[in-house]
Structures are given as C-alpha cells and as structure tokens.
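Colleague: I am new to reading models like this one. Could we go through it by question and answer?

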Amino acid sequence: MNERFKEMLRVLAHEMRTPIAAILGYQELLTEGIFGEIDERGQEPLSRIAYSAKQLLYLIDGVQEVMSPVGKRLEINPELFDPAPVLRNCIANATTDALGRNVKLAEEVVDDLPKVHGDPDRFCRAIDLALSAAIKVSHGSASGISDPRAS
C-alpha cells in the first residue's frame with residue numbers, strides 16, 4: 001500500500017480520536033450529573049452516545065492495526081479473567097442500540113464460565129463488534145437476534 005496513503009490514514013485516525021474522546025468525556029460528565037441531574041428518560045440517549053463513540057474507537061483501532069507494520073500489530077495484554085462480567089457488560093452496552101432498532105437481546109450468561117487467558121479489552125471489543133453486526137442484520141426481530149441465513 002502507498003506510504004502516503006498509510007500516513008494519511010494514520011493521521012486521520014489520530015485526528016478522529018480527539019473529538020470522540022471529547023464526546024465520551026462530556027457523556028460521562030452528563031451521566032455523573034455534573035451539569036445537573038438527568039432524568040431516567042435521558043439516560044438511554046447518553047448510553048447510546050457512549051456505545052456509538054466506543055464503536056467508532058474500535059473501528060479506528062482496527063484501521064490503525066491494519067495500517068501498522070506486521071511486527072507492531074495486535075498489542076495484546078493477556079491475563080486470566082472471568083468472561084461472564086465482560087459478556088454481561090457487552091450485552092448491556094448493546095441493549096440500547098438493539099432497542100433503537102426494535103431488537104430484543106436476551107442475556108443468557110451463566111455465572112460459572114471457566115476463566116480464560118487472553119486480553120479482556122480485546123475480548124470485549126470482539127464481542128461488542130459481533131453484537132453490533134448481529135443487531136444490524138436482525139431486521140427488528142422481536143424474539144432476539146435472528147439468523148441472517150433465514151432471510
């Protein structure tokens with residue numbers, strides 16, 4: 001790939017992170033009530049803002065990894081972790097996106113999953129992206145995520 005194009009994508013990815021970080025920062029301040037209390041009705045849009053901004057950061061990270069030299073790709077910080085809370089968090093994050101698309105997510109995560117050795121952040125990113133893609137192809141299934149092969 002052309003070096004100028006790679007450099008342009010690196011700069012673009014870096015420049016996109018700054019406003020996304022600001023969006024997440026203000027979302028967090030609003031959620032914490034720094035500017036005044038947000039009623040229950042306002043909490044859902046704030047959750048959607050955070051979820052969407054994080055999805056953008058994940059996509060930017062993906063572009064940066066693809067553009068990185070092979071030896072510098074996939075910086076992984078493996079550790080032993082319990083996947084159940086990570087999965088529940090991912091489902092909770094995706095729920096507001098699902099509701100906006102008339103999709104119902106059913107959480108069925110058992111408590112006694114075995115611990116896994118890996119990078120919990122990367123695991124969360126992969127699950128978030130998979131849930132987001134599944135929600136987008138579900139076409140408003142009221143019973144949960146539908147099988148796209150069925151259509």
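Modeller: We begin with a definition: buried means under 20% relative accessible area, exposed means over 50%, and partly exposed lies in between (1.4 Å probe, protein chains only). This is a predicted model, in which local features need pLDDT of at least 70 and side-chain atom pairs count only at pLDDT 80 or more, while totals for chains, interfaces and linings use all residues. Residues are numbered from 1 along each chain as its sequence is written, and side-chain values use heavy atoms, with hydrogens and water left out.

Colleague: Is Arg-125 buried or exposed?

Modeller: The limit for buried is under 20% relative accessible area. Arg-125 has a relative accessible area of 18%, so Arg-125 is buried.

Colleague: How many salt bridges does a search of the whole structure find?

Modeller: A salt bridge is a side-chain nitrogen of Lys or Arg within 4 Å of a carboxyl oxygen of Asp or Glu. With that rule, a search of the whole structure gives a total of five.

Colleague: Which helices hold Asp-61 and Arg-125?

Modeller: Asp-61 and Arg-125 form a salt bridge, with the closest N and O atoms 2.7 Å apart. The pair ties together parts that are 64 residues apart in sequence, because Asp-61 lies in helix H2 and Arg-125 in helix H4 (residues 120–137). Helices (H or I, at least four residues) and strands (E, at least two) are DSSP runs, numbered from the N terminus. The helices asked for are H2 and H4.

Colleague: How far apart are the closest N and O atoms of Asp-61 and Arg-17?

Modeller: Asp-61 counts as buried at 10% relative accessibility, and Arg-17 counts as partly exposed at 26%. Arg-17, Asp-61, Asp-121 and Arg-125 are linked in a network of salt bridges. In the salt bridge between Asp-61 and Arg-17, the distance between the closest N and O atoms is 1.9 Å.

Colleague: Where does Asp-111 lie?

Modeller: Asp-111 forms a salt bridge with Arg-88, and their closest N and O atoms are 2.5 Å apart. Arg-88 is in helix H3, 23 residues away in sequence, and Asp-111 lies in the loop between H3 and strand E2 (116–118).

Colleague: At which residue does H3 bend?

Modeller: Helix H3 (residues 83–100) has 18 residues and reaches 26 Å from its first C-alpha to its last, close to the 26 Å expected at 1.5 Å a residue. The expected span is 1.5 Å times one less than the number of residues. A bend at a residue is the angle between axes fitted to the seven residues ending there and the seven starting there. In H3 the bend is about 30 degrees, at Ala-94.

Colleague: What is the phi of Asn-102?

Modeller: At the start of H3, a side-chain oxygen of Asp-82 reaches to within 3.1 Å of the backbone nitrogen of Ala-84. H3 is followed by Asn-102, whose phi is positive, near 60 degrees.

Colleague: How far apart in space are Leu-9 and Gln-64, C-alpha to C-alpha?

Modeller: Leu-9 is in helix H1, and Leu-9 is buried, with a relative accessible area of 18%. Leu-9 and Gln-64 are 55 residues apart in sequence, and their C-alpha to C-alpha distance in space is 7.7 Å.

Definitions and conventions. A polar contact is a pair of N or O atoms within 3.5 Å; within protein, one must be able to donate a hydrogen and the other to accept it, and residues adjacent in sequence count only if both atoms are side-chain atoms.
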